[in-house]
Amino acid sequence: MLGRLSVRWLQPRPALQLRGLGPPVVPAPTGGAKPSALPLWAVASVSAVGPSGAGGWYEALATSAPVQGAEDVLLFAHTASGLPWWGSILLTTVALRGAVTLPLAAYQHYILAKVENLQPEIKSIARHLNQDVAVRANQLGWSKRAARLTYLKTMRRLVSELYVRDNCHPFKATVLVWIQLPMWIFVSVALRNFSTGATHSEAGFSVQEQLATGGVLWFPDLTALDSTWILPVSIGVINLLIVEIFALQKVGMSRFQTYITYFVRAVSVLMIPIAATVPSSIVLYWLCSSLMGLSQNLLLRSPRFRQLCRIPLTKSDSDTPYKDLFAAFYAKFISRK
């Protein structure tokens, strides 16, 4: 599985292929382009996959308009800021997360707070409806199944009316996912295009050449893999920390929420070996994105920030959220016998 994932990330984009006229013709590198810093096994695997094979869907994604838009955003940030590429990736990530995902995350919390505040009313309706249906079933001689179906159908309608009344349908809380996930994919693929030399050039120098000297600290070459595994492991740790913060916030999770939590934990761990097989430019973006996600989660716990975003107060809100979080974390992972 990891081999197939690495192939899709590292597969170079073909220059041109006419349907029915054989394999694509890739132009020879010009301007002293830097040889690929990727391992030989990856290059060999890439050459074995054509656009009409398993990598066809990825080729369509890599050349799509959203990915090209992400490339333009990265190039603009690099040109306008004058920062080295590691700084440009950091700046772009902070800007996108701050301008796009932070408002959507605040909106998500706004919707979820309104839904939480509806729970007492929903429970009251459910209790009264259950009594009414029982009386009606006794009068008309309904079977238990018919009574149950009537209760569920009526309850769904009444709850739907409450969501419409307060304009807080839970599906609206998923808008963040539908925006954040595609954005993460498009920027990742754009950075992959840069790292493999499959895209723009600037002032006679390919972006790949600039990335090769645009790193910092132990990863000076952003087109190469992080052989130290520091970046991949950091991504896994931060993602696990985000999951645990979410889990500590929830009291009495349902079985479904528990399964989802375990699934996300597994994905967070799986991201470590995956991140070790892609260029450092992509891993740096993933790390910055995860750090911003952690920061947003902590910021949205602040009572002042929630008030600024007009997020309604709920019964589960705390005046000392960070103190409570530290106490819960300490009790679960440190003082546990």
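The structure is a predicted model, in which local features require a pLDDT of at least 70 and side-chain atom pairs count only at pLDDT 80 or more, whereas totals for chains, interfaces and linings use all residues. Residues are numbered from 1 along each chain as its sequence is written, and side-chain values use heavy atoms, with hydrogens and water left out.

The chain contains 13 helices and two strands; helices (H or I, at least four residues) and strands (E, at least two) are DSSP runs numbered from the N terminus. Of the 337 residues in the chain, 39% are buried. Here, buried denotes under 20% relative accessible area, exposed over 50%, and partly exposed the range in between, with a 1.4 Å probe and protein chains only. The accessible surface of the chain is about 19500 Å², and carbon and sulfur atoms account for 66% of this surface; accessible areas come from the Shrake-Rupley method with a 1.4 Å probe, and for residues only the protein chains shown count as cover. Among contacts (heavy atoms within 4.5 Å) between residues at least 6 apart in sequence, 75% join residues at least 24 apart.

Helix H5 (residues 85–140) takes part in two helix pairings described here. With helix H4 (residues 65–81), H5 packs at an angle of about 120°, the axes being 9 Å apart. Axes are lines fitted to C-alpha atoms, for helices over the stretch in contact, and angles run from 0 to 180 degrees between N-to-C directions. The crossing of H4 and H5 is right-handed; a crossing is given this term if the near helix is turned clockwise from the far one by less than a right angle, and is left-handed if anticlockwise. On the H4 side, Val-73, Leu-74, Leu-75, Ala-77, His-78 and Ser-81 meet Trp-85, Ser-88, Leu-91 and Thr-92 of H5. With helix H11 (residues 280–299), H5 crosses at roughly 35°, and the two axes come within 9 Å. The crossing of H5 and H11 is also right-handed. Residues of H5 in this pairing include Trp-86, Ile-89, Leu-90 and Arg-97, and those of H11 include Leu-284, Tyr-285, Cys-288 and Met-292.

Side chains of opposite charge can pair when their charged atoms come close. With a salt bridge defined as a side-chain nitrogen of Lys or Arg within 4 Å of a carboxyl oxygen of Asp or Glu, the count comes to five. One of these salt bridges joins Arg-265 and Glu-244, at 2.7 Å from N to O. Arg-265 lies in helix H10 (residues 255–275) and Glu-244 in helix H9 (residues 230–249), so the pair ties together parts that are 21 residues apart in sequence. Both Arg-265 and Glu-244 are buried. A further salt bridge is formed by Asp-317 and Arg-306, at 3.8 Å from N to O. Asp-166 is partly exposed at 22% relative accessibility, as is Arg-165 at 48%.

Most residues other than glycine have a negative phi. Asn-167, which is not a glycine, has a positive phi of about 50°. Asn-167 lies in the loop between helix H6 (144–166) and H7 and is partly exposed, with a relative accessible area of 47%. Trp-229, likewise not a glycine, has a positive phi of about 65°. Trp-229 is placed in the loop between H8 and H9 and is partly exposed at 39% relative accessibility. Thr-223 is also found in the loop between helix H8 (207–212) and H9, but is buried at 1% relative accessibility. The C-alpha atoms of Thr-223 and Ala-212 are 5.6 Å apart, with the two residues eleven apart in sequence.

On the surface, a nonpolar patch is formed by Tyr-107, Phe-171, Val-175, Val-177, Trp-178, Ile-179, Leu-181 and Ile-185, which together have about 730 Å² of accessible area. Patches are made of residues with over 30% relative accessible area and no salt bridge, with nonpolar side chains (Val, Leu, Ile, Met, Phe, Trp, Tyr) joined within 5 Å and like charges within 9 Å. Helix H7 (residues 175–195) contributes the most to the nonpolar patch, with six residues. Val-175 is in helix H7 and is partly exposed, at a relative accessible area of 31%.
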